[in-house]
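Please look over the sequence and the model shown here.

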Amino acid sequence: GRINNYPESNWDFVSFYLDGNEGRATGISFTDSLNGYISAIVWDGRGAIAKTINNGDNWTTTFFSKPLHGINFPISDAGQVGYCVGDSGIILKTYNAGETWLNQITGTSENLNKVCFVDSDFGFAVGDNGIILRTTDGGGSISSAENEITTMNNFELHQNYPNPFNPTTNI
């Protein structure tokens with residue numbers, strides 16, 4: 001039985017490949033009911049951005065050398081400007097609805113997992129080891145907030161584990 005008065009919803013399975021390659025979808029962003037994007041990791045280790053212009057019925061894929069983890073298109077820019085983040089501090093930006101993607105300089109090698117823009121200029125990217133990147137000009141300049149929020153409160157040294165290939169530990 002139903003617990004509330006909401007109608008039951010249905011989810012349909014959609015077969016999805018990255019131009020014939022299997023992979024893992026890691027993020028999704030739609031700019032309207034027809035146009036959408038998926039960030040992905042291909043099983044061979046590459047990254048990919050898949051784009052649909054027909055509500056997910058068909059997808060075209062652009063491949064990148066590093067795995068990609070998150071994607072965002074600020075609604076305020078009519079779906080033309082978007083951002084995608086991934087391994088080794090990569091941030092990709094498109095100005096033309098995903099036709100081309102440009103690398104932005106981030107100053108970090110940490111893996112970035114999610115990206116979110118409030119409008120076409122103000123956004124954040126977050127990733128491993130507490131890294132937070134912020135931009136107020138669409139990535140023209142990106143500042144690292146990592147040192148502002150990460151502080152070392154204590155430090156502990158534990159017994160090392162035996163290593164048959166290197167029996168000594170140097171600090």
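Tyr37 and Phe73 are both buried, where buried means under 20% relative accessible area, exposed over 50% and partly exposed in between, with a 1.4 Å probe and protein chains only. This is a predicted model, in which local features need pLDDT of at least 70 and side-chain atom pairs count only at pLDDT 80 or more, while totals for chains, interfaces and linings use all residues. Residues are numbered from 1 along each chain as its sequence is written, and side-chain values use heavy atoms, with hydrogens and water left out.

The structure holds 5 aromatic pairs; rings of Phe, Tyr and Trp (its six-membered ring) pair if their centres lie within 6.5 Å, and planes under 30 degrees apart count as stacked, over 60 as edge-to-face and the rest as tilted. Two of these pairs are set out below.

| Pair | Centre distance | Plane angle | Class |
|---|---|---|---|
| Tyr37 and Phe73 | 3.9 Å | 15 degrees | stacked |
| Phe73 and Trp101 | 6.1 Å | 90 degrees | edge-to-face |

Tyr37 lies in strand E2 (residues 36-42) and Phe73 in the loop between strand E5 (68-72) and strand E6 (82-86), so their pair ties together parts that are 36 residues apart in sequence. Helices (H or I, at least four residues) and strands (E, at least two) are DSSP runs, numbered from the N terminus.

Strand E2 itself is mostly covered, with 7 of its 7 residues buried. Gly36, Ile38, Ala40 and Val42 point one way from E2, whereas Tyr37, Ser39 and Ile41 point the other way. E2 pairs in the antiparallel sense with strand E1 (residues 23-30) over 7 bridges, and with strand E3 (residues 47-52) over 6 bridges; two strands pair if DSSP finds at least two bridges between them. Ser39 in E2 stands opposite Gly27 and also opposite Ile49 in E3. A hairpin through 5 residues joins E1 to E2, and another, with 4 residues between the strands, is formed by E2 and E3, where Gly45 in the turn has a positive phi of about 100 degrees.

The charged end of Arg46 sits over the ring of Phe63, 4.2 Å from its centre, the rule being that NZ of Lys or CZ of Arg is within 6 Å of the ring centre and within 35 degrees of the ring normal.
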